[in-house]
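Below are some comments on the fold, for the file. Please read them alongside the coordinates.

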Amino acid sequence: MTGKDLTTVKRIFARCGLAAATLMLAAMPAMAEDAKVDTGDAAWMLTSTALVLMMTVPGVALFYAGMVRKKNVLATMMQSFFITALVTVLWMVAGYSIAFGDGGTYSAYVGDFSKILLSGISENWDKPFTLGTGDGAVAFTIPESIFLMFQMTFAIITAALITGAVADRMKFSALVMFVTLWTLLVYSPIAHWVWHPNGWLFGLGALDFAGGTVVHINAGVAGLVAAIVLGKRVGYGSENMAPFNLGLAVIGASLLWVGWFGFNAGSAGSSGGGRAGMAMLVTQIAAGGAVLSWTFAEWMIKGKPSVLGAISGAVAGLVAITPAAGFVLPGAALIIGLVAGLAGLWGATALKHALGYDDSLDAFGVHGICGIVGALLVGFLSYGPLSATTAAPDGSPGGMEQFIKQCTAVGATIVFTAVATFIILKITDVVIGLRVSEEEEREGLDVTMHGERIN
């Protein structure tokens, strides 16, 4: 592969930068057989993959565990830890193929089974790989093993985020069945829509740099549906359900903040070209802005700035900048962060109280609401040159046309996720039963589900 060819590949990477995937909007012929892996890109993607995995274990595990009551700390950690293992195997067996198989008649909506059990991974294992076939094939500068592992970490954290909405009351066996079906039937198809070159939202031109629709809206809406179907926790609204250990939650939120650089900057798919650096910068700015807006708003409303509010604000800003990270400049990132902090506070307090659902740890209030905020705002705030290519010199500038595309992507994700999640929950309820008994819930899931307790 010549230096000129490599430059062309990186330019295409710069056009799209998808968190979990294609990282390109322009079609490109397959690389020559003697093409070499770009070691700089490979090193950055390996690092980013490890950072994203850290976001779930220990990040989400500690963040969620610190916010539940003492009797459910171990059970909450177990959910994130076990999901990491479960989704790893599911991704190998079929999830990756459904998300990134080329597909046949329905290739705009779902992948095929050509990559079941990672079939074909041994071919050219040390060479750059090509996603897709024919005129629509897309060439990468990294091996497929890195690409699919990066994608796997996104599938893992998306499933783990849902558990925040059903904390304290869902059977562990039901969670295992639900996550299995949901990962294969909901997450993987939506990932295909957005990040595979054949996906219909990809073709539409909807922008999602690192998972606003695929990860956060998807997980948030699924969590909301699950919280409604399971019903409120015993004693909700009348008993003290204060967090057991906010120190654990702060550590978890801090790990999420650091890991998010792999999430967003890693989605550039390359260590060069400046886009990864810009994605990292705007990620930090949005998080900072959201902490300030959430904290000061809460300070004004309640008279005191809470630690829980500050860490929730950070997550809100990180969520909102995720779909926009590779498409906006620092000024736009600050706007997104400030808006996200206020939106997250509203979603976790006023909205939840007004509608009366029990989203235990605000999976929808923060991830769902702020994912929607970020996905819509990038429609107006996107800076065209960041995604420009030779074929599309204007890139994807913000404006009404792009905003409509974003609305389409957000609406499609909400409707599909809500309907499919509801069906999967009902199936799981019939087969296993979703919720623990009132006695088990009062005693705590640590003992009743796992036979252990924290000292």
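1. The buried residues of helix H10 pack against helix H2 (39–65), helix H7 (212–230), helix H8 (246–265), helix H9 (275–302), helix H11 (330–355) and helix H12 (363–381). Contact here means heavy atoms within 4.5 Å, and buried means under 20% relative accessible area with a 1.4 Å probe, protein chains only. Helices are DSSP runs of H or I with at least four residues, strands are E runs of at least two, and both are numbered from the N terminus.

2. This is a predicted model, in which local features need pLDDT of at least 70 and side-chain atom pairs count only at pLDDT 80 or more, while totals for chains, interfaces and linings use all residues. Residues are numbered from 1 along each chain as its sequence is written, and side-chain values use heavy atoms, with hydrogens and water left out.

3. H10 covers residues 307–321 and reaches 22 Å from its first C-alpha to its last. That is close to the expected 21 Å, taken as 1.5 Å times one less than the number of residues.

4. Twelve of the 15 residues of H10 are buried, including Gly-309, Gly-313 and Gly-317. The run from Ile-311 to Ile-321 is also among the buried residues.

5. In the protein chain there are 15 helices and two strands. Buried residues make up 58% of its 455 residues.

Key. Buried < 20%, exposed > 50% of the residue type's maximum accessible area, 1.4 Å probe, protein only.
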